[in-house]
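Reader: I am new to this structure. Please show me how to read a few of its features.

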Amino acid sequence: MDKFFGITQSGSTIRTEIIAGFTTFFTMAYIIFVNPGILESAGMNWGGVFVATILATAVGTLIMGLVARVPFAVAPGMGLNAFFAYSVCLGLGFHWREALAMVFICGIINVIITVTKLRKAIIKSIPKSLQLAIGGGIGLFIAYIGIKNAGFINFVATSDGFTPGNEAVPALTYFGSEGPLLALIGLVIIVVLMMLKIKGAMLIGIIAATIIGIPMGVTKVPEKLFDLSALSGFSEVSFAFFGEIGIASLFNDGRAIIALIIIFAFSLTDTFDTIGTFIGTGRKTGIFDANDERAMNESKGFKSKMDKALFADSTATSIGALFGTSNATTYIESASGINEGGRTGFTSVVVAALFLICLPLVSLFGMAPAQATAPALIIVGIMMAESFKGIRWDELDEAIPAFFTVTIMTFAYNISYGIAAGFFFYIIVKLCNRKIKDVHPIIIGASILFLLYFVLMAINRLG
């Protein structure tokens with residue numbers, strides 16, 4: 001096992017990889033409950049999506065661990081599931097089976113652009129300053145998710161004379177309720193343990209906060225250990241788009257153009273979310289090192305870790321659609337395990353195993369409340385902010401695209417939107433400096449596609 005995964009060679013240990021796997025699992029386990037809740041609004045069976053989410057995550061993450069041998073987890077993406085339910089199904093009127101068909105086609109497209117090395121070309125075309133901004137921006141994005149899940153910020157109505165109308169603005173919570181207080185306790189525990197250089201600090205903090213949350217009334221103790229009731233709905237959502245409603249009806253009634261645009265939007269968002277995650281975590285930690293970069297550039301086959309990781313991510317989307325869930329993508333929460341020392345695919349295998357265990361033990365593994373896992377995300381954000389130091393903030397032509405990448409990514413709650421903003425302003429800056437020839441054609445092409453996407457979404461909203 002050590003030789004297969006290269007654990008010792010990577011400077012890690014089996015114990016470290018296991019701790020990293022547990023840490024990643026606990027920081028992303030919320031998707032087991034959140035994803036079914038979102039897709040249920042599109043008419044899908046909650047129990048079926050619950051099972052599909054676990055299976056898609058386990059299989060996708062196993063492919064990442066066994067094929068690419070890198071410590072990244074794959075699961076249905078947040079934002080992508082909301083787009084699936086609220087925009088495609090509820091907004092545009094597509095049946096959820098048709099939406100699953102679009103996701104399946106999107107996965108096939110992603111496999112093709114991975115095999116043809118287009119995905120790698122996209123990564124290599126991004127200038128270093130934007131890569132650093134993407135990495136740091138993802139850190140702030142993760143931290144914001146943590147702060148939001150912890151309940152540290154509330155949105156309150158105001159009419160203070162400065163804010164027009166009676167709009168809701170963010171404000172710091174008063175910590176008068178148990179949830180935010182528990183998250184604060186967990187955050188302090190993790191910070192203290194990290195300062196004392198205790199291994200597995202984040203995992204210990206999550207478990208400690210979960211236990212402390214029991215007498216506080218935040219952690220709900222399950223009534224029974226085993227629960228298989230969710231399995232009954234899986235047959236309703238799995239392989240559901242192969243009937244009369246699905247691929248067969250997707251391009252009927254003059255909806256072909258809209259369907260193609262949606263597939264493009266799925267593919268674009270999935271691609272840039274994945275690229276952003278790999279840039280923000282893999283390169284910083286040496287998982288994708290200089291030797292791997294050279295192999296990726298020179299190889300005609302899938303010989304580098306990046307090659308295989310991109311392929312694993314691509315296949316996970318179509319597999320997820322077959323099971324009955326929206327786009328699967330590489331999770332930014334993988335950074336929590338990577339920061340605990342996870343460096344090989346064995347971390348991913350541990351994550352996959354834990355998700356599979358959740359099928360009969362859903363009540364037990366669902367004990368950890370969001371307030372217990374949120375502090376780990378905040379700490380990861382702090383660690384990833386290190387990449388900001390490599391950006392030349394005193395040079396406006398570098399600072400402007402980087403700034404908009406970070407702020408839009410964080411405030412708009414969307415990694416892809418941040419990347420799009422960075423691309424747009426990078427082109428504008430180069431135009432003003434008469435250096436447009438320095439802009440890679442892929443950046444220009446991607447920016448045009450992003451612009452088309454935003455225009456179409458605006459037209460759809462106005463319509």
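Reader: Where is Phe-239 found?

Author: Phe-239 is found in the loop between α11 (234-237) and α12 (247-250). Helices (H or I, at least four residues) and strands (E, at least two) are DSSP runs, numbered from the N terminus. The model is predicted, so local features need pLDDT of at least 70 and side-chain atom pairs pLDDT 80 or more, while totals for chains, interfaces and linings use all residues. Residues are numbered from 1 along each chain as its sequence is written, and side-chain values use heavy atoms, with hydrogens and water left out.

Reader: What is the phi of Phe-239?

Author: Most residues other than glycine have a negative phi. Phe-239 is not a glycine, yet its phi is positive, about 55°. Arg-69 also has a positive phi, near 60°. Arg-69 sits in the loop between α4 and β1 (74-76). Then there is Lys-117, which follows α6 and has a positive phi near 70°.

Reader: Is a residue such as Arg-69 buried, exposed or partly exposed?

Author: Look at relative accessible area: buried means under 20%, exposed over 50%, partly exposed in between (1.4 Å probe, protein chains only). Arg-69 has 33% relative accessibility, so it counts as partly exposed. Phe-239 has a relative accessible area of 47% and is therefore partly exposed.

Reader: What about Lys-437?

Author: Lys-437 reaches 82%, so it counts as exposed. Its place is the loop between α21 (415-432) and α22 (441-462). The C-alpha atoms of Lys-437 and Leu-118 are separated by 20 Å, and the two residues are 319 apart along the chain.

Reader: And Asn-327: buried or exposed?

Author: Asn-327 has a relative accessible area of 0%, so it is buried. Asn-327 lies in the loop between α15 (305-323) and β4 (328-330). Contact means heavy atoms within 4.5 Å. Beyond its neighbours within four places in sequence, the contacts of Asn-327 include Ala-75, Pro-76, Val-103, Phe-266 and Asp-270.

Reader: How many residues of α6 are buried?

Author: The count is 14 of 20, so α6 is largely enclosed by the rest of the structure. Helix α17 is mostly covered, with 10 of its 13 residues buried. Among them are Gly-345, Phe-346, Leu-354 and Phe-355.

Reader: What span should α17 have?

Author: The expected span of a helix is 1.5 Å times one less than its number of residues. The 13 residues of α17 (residues 345-357) should therefore span 18 Å, and the end C-alpha atoms are 19 Å apart, which agrees. Helix α6 (residues 96-115) reaches 29 Å from first C-alpha to last, close to the expected 28 Å.

Reader: At what angle do α8 and α20 cross?

Author: Axes are lines fitted to C-alpha atoms, for helices over the stretch in contact, and angles run from 0 to 180 degrees between N-to-C directions. The axes of α8 (residues 128-150) and α20 (residues 396-411) come within 8 Å and cross at roughly 25°. That makes α8 roughly parallel to α20. Angles under 35 degrees count as roughly parallel, over 145 as roughly antiparallel, 65 to 115 as roughly perpendicular and the rest as oblique.

Reader: Which residues make the contact?

Author: They include Leu-130, Ile-134 and Phe-141 of α8, with Pro-401, Val-406 and Met-409 of α20.

Reader: How do α3 and α4 cross?

Author: The axes of α3 (residues 31-40) and α4 (residues 46-68) come within 8 Å and cross at roughly 135°. The two helices are therefore oblique to each other. Their contact includes Phe-33 and Leu-39 of α3 and Trp-46 and Phe-50 of α4.
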